[in-house]
Amino acid sequence: SGGLSYEQDVTIQIDDVVEQGPSLVTQSFHIAKGASYIVTATELDGSDAQTNDAGLIYTVTANPAGGTFFIDVNDDNVADEGEILGVYSEATPNARDTFSQQDVINGKLKFIKDGTQTSGRLTVSLSDGDDQTDDVEGTLMALVSSPPVVASEINDQEWNITGAQSFVLPSSTFDDPDFDVLTLSATLDDGAPLPSWLSFDPATG
C-alpha cells in the first residue's frame with residue numbers, strides 16, 4: 001500500500017562562536033610589617049563569560065616575596081603545610097601552586113607580611129580550562145606601609161610667665177610617605193600620660 005510523505009526545506013544557521021579568554025584585574029593593597037590580610041576580589045578579580053568562578057584556576061608562576069600567601073583551607077588563619085602558595089618543585093614539594101577565583105571570593109586567600117620592607121608579591125596565570133584560549137598573567141602587590149617621620153623638628157619651648165599658655169604644632173612637623181591621614185597624641189618622655197595641668201588637643205595639634 002502507498003504511504004504519505006511530506007517534504008519541507010529547513011534552513012539552519014550556524015554562527016561562528018569565538019571563545020573569549022579570561023580577564024584578570026589586580027589592585028595593590030597596603031599592609032604593615034607582621035600584619036595579615038584577607039585578599040578579596042577587589043584585589044584579585046578573574047572573570048570569564050563562559051566559566052564560573054570555581055572553574056577559573058590560578059597557577060603560581062613565581063615564588064612569592066615579602067611574606068606568605070596561602071589558601072586557608074581550614075579557616076584557622078595559620079599558614080599550614082600544604083596551604084602555602086609557591087612554585088612546586090623538588091625543593092618545595094609541599095608548595096600549593098593552584099587555587100580558584102572561588103577561593104578568593106570565599107576569603108581563603110590570605111597574606112602574612114614578614115618583618116622586612118620588601119613589598120609582598122604574588123605572580124599568577126589565570127586559566128578558564130579551555131585549550132582554545134590563552135591564559136592571562138598578573139601580579140598582586142602588597143605594599144608595605146611606611147611609618148610617619150619627623151619632617152621638621154620643633155625647638156624646646158620655655159614658658160616663664162604665669163597664666164595659660166599654648167603652642168600649636170606646625171602642620172609641616174610630621175610627614176607620611178604613604179600620604180596617610182595622621183592622628184597625633186602626646187605623652188611624657190617615658191610614655192606616661194601628661195600631668196593634669198598640661199593638655200594636648202589632637203584635633204588642633
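1. Lys113 comes out as buried at 3% relative accessibility, where buried means under 20% relative accessible area, exposed means over 50% and partly exposed is in between (1.4 Å probe, protein chains only). Its salt-bridge partner is Asp114, with the closest N and O atoms 2.3 Å apart. A salt bridge here is a side-chain nitrogen of Lys or Arg within 4 Å of a carboxyl oxygen of Asp or Glu. Asp114 is partly exposed, with a relative accessible area of 28%.

2. A word on the model and its conventions. This is a predicted model, in which local features need pLDDT of at least 70 and side-chain atom pairs count only at pLDDT 80 or more, while totals for chains, interfaces and linings use all residues. Residues are numbered from 1 along each chain as its sequence is written, and side-chain values use heavy atoms, with hydrogens and water left out.

3. How many salt bridges does a search of the whole structure find? There are three. One of them joins the side chains of Lys110 and Asp72 at 2.7 Å, N to O. Lys110 sits in strand β8 and Asp72 in the loop between β6 and β7, so this pair ties together parts that are 38 residues apart in sequence. Helices (H or I, at least four residues) and strands (E, at least two) are DSSP runs, numbered from the N terminus. Both Lys110 and Asp72 are buried.

4. The side chains of Asp75 and Lys108 also meet in a salt bridge, at 2.9 Å, N to O. Asp75 is in the loop between β6 and β7 and Lys108 in the loop between α1 (101-105) and β8, so the pair links parts that are 33 residues apart in sequence. Asp75 is partly exposed at 46% relative accessible area, whereas Lys108 is buried at 16%.

5. Asp75 has a phi near 55°, a positive value in a residue other than glycine. Asn77, which lies in that loop, has a phi near 60°, again positive in a residue other than glycine. Ala79 is also placed in the loop between β6 and β7 and is partly exposed at 25% relative accessibility. Leaving aside neighbours within four places in sequence, Ala79 is in contact (heavy atoms within 4.5 Å) with Thr68, Phe70 and Ile84. Ala79 and Phe69 are ten residues apart in sequence and 8.1 Å apart in space, C-alpha to C-alpha.

6. Ser100, in strand β7 (residues 98-100), is buried at 9% relative accessibility. Beyond its neighbours within four places in sequence, Ser100 is in contact with Asp53, Ala54, Leu56, Ile57 and Tyr58.

7. The structure holds four aromatic pairs. Rings of Phe, Tyr and Trp (its six-membered ring) pair if their centres lie within 6.5 Å; planes under 30 degrees apart count as stacked, over 60 as edge-to-face and the rest as tilted. The rings of Phe29 and Phe111 have centres 6.3 Å apart and planes at 75°, so this pair is edge-to-face. Phe29 belongs to strand β2 and Phe111 to strand β8, so the pair ties together parts 82 residues apart in sequence. Both Phe29 and Phe111 are buried. Phe29, Tyr37, Phe69 and Phe111 form one aromatic cluster.
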